[in-house]
Amino acid sequence: MESFPFPDDLVRAQQEWHDTYRALALPRPRRTTELRRRLLALSVRIHWHPFWSTPPGRTPAARVGLRQLTRGGRRTEGAA
């Protein structure tokens, strides 16, 4: 896997996104409106982060690398 120089704030935002998404995925989550708003705000912050305008951030592999780096070692079903 290629290594990208992700800024700390971008990595934290993506980790928070994963945490918020997991909280929403629980059966009968509490505070769903608050969690959905948080997920949307984090999505916007991640999508418009200045890193994506730099040469290393312009590749699709960089976005995949960020998700892989921050998913917390959890694998999706069907992943090898």
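Contact here means heavy atoms within 4.5 Å. The model shown is predicted.

**View 1. Helix H3 and its cover.**
The buried residues of H3 are covered by elements that include H1 and H2. Ala62, Gly65, Leu66 and Thr70 are the residues buried in H3. These residues lie on the same side of H3, because they cover an arc of only 115° around the axis. Gly72 follows H3 and has a positive phi, near 80°.

**View 2. Helix H1 along its length.**
H1 runs over residues 8-25, 18 residues in total. From first C-alpha to last, H1 reaches 26 Å, close to the 26 Å expected at 1.5 Å a residue. Its buried residues are Leu10, Val11, Ala13, Gln14, His18, Thr20 and Leu24. Helix H2 (32-47) and helix H3 (60-70) are included in what covers them.

Gln14 belongs to helix H1. Its relative accessible area is 5%, so Gln14 counts as buried, the cut-off being under 20%. With neighbours within four places in sequence left aside, Gln14 is in contact with Ile46, Leu66, Arg67 and Thr70.

**View 3. The Trp17 and Tyr21 pair in H1.**
The structure holds four aromatic pairs. Trp17 and Tyr21 make a stacked pair, because their ring centres are 5.3 Å apart and their planes are at 10°. The two residues are four apart in helix H1, so about one helical turn separates them. Trp17 is partly exposed, at 22% relative accessibility. Tyr21 is likewise partly exposed, at 46%.

Phe51 and Trp52 pair edge-to-face, with 5.2 Å centre to centre and 70° between the planes. Both residues are buried. Phe51 and Trp52 form one aromatic cluster together with Phe4 and Phe6. Over the ring of Trp52 sits the charged end of Arg63, 4.1 Å from the ring centre.

**View 4. Arg36 of H2 and Tyr21.**
Arg36 is a residue of helix H2. Its relative accessibility is 56%, so Arg36 counts as exposed. Along the chain, Arg36 and Tyr21 are 15 residues apart. Their C-alpha atoms are separated by 8.4 Å. Tyr21, at 46% relative accessibility, is partly exposed.

Key. Residues are numbered from 1 along each chain as its sequence is written. This is a predicted model: local features need pLDDT of at least 70, side-chain atom pairs count only at pLDDT 80 or more; totals for chains, interfaces and linings use all residues. Side-chain values use heavy atoms; hydrogens and water are left out. The expected span of a helix is 1.5 Å times one less than its number of residues. Buried means under 20% relative accessible area, exposed over 50%, partly exposed in between (1.4 Å probe, protein chains only). The arc is that of the directions from the helix axis to the C-beta atoms. Rings of Phe, Tyr and Trp (its six-membered ring) pair if their centres lie within 6.5 Å; planes under 30 degrees apart count as stacked, over 60 as edge-to-face and the rest as tilted. A charge sits over a ring if NZ of Lys or CZ of Arg is within 6 Å of the ring centre and within 35 degrees of the ring normal.
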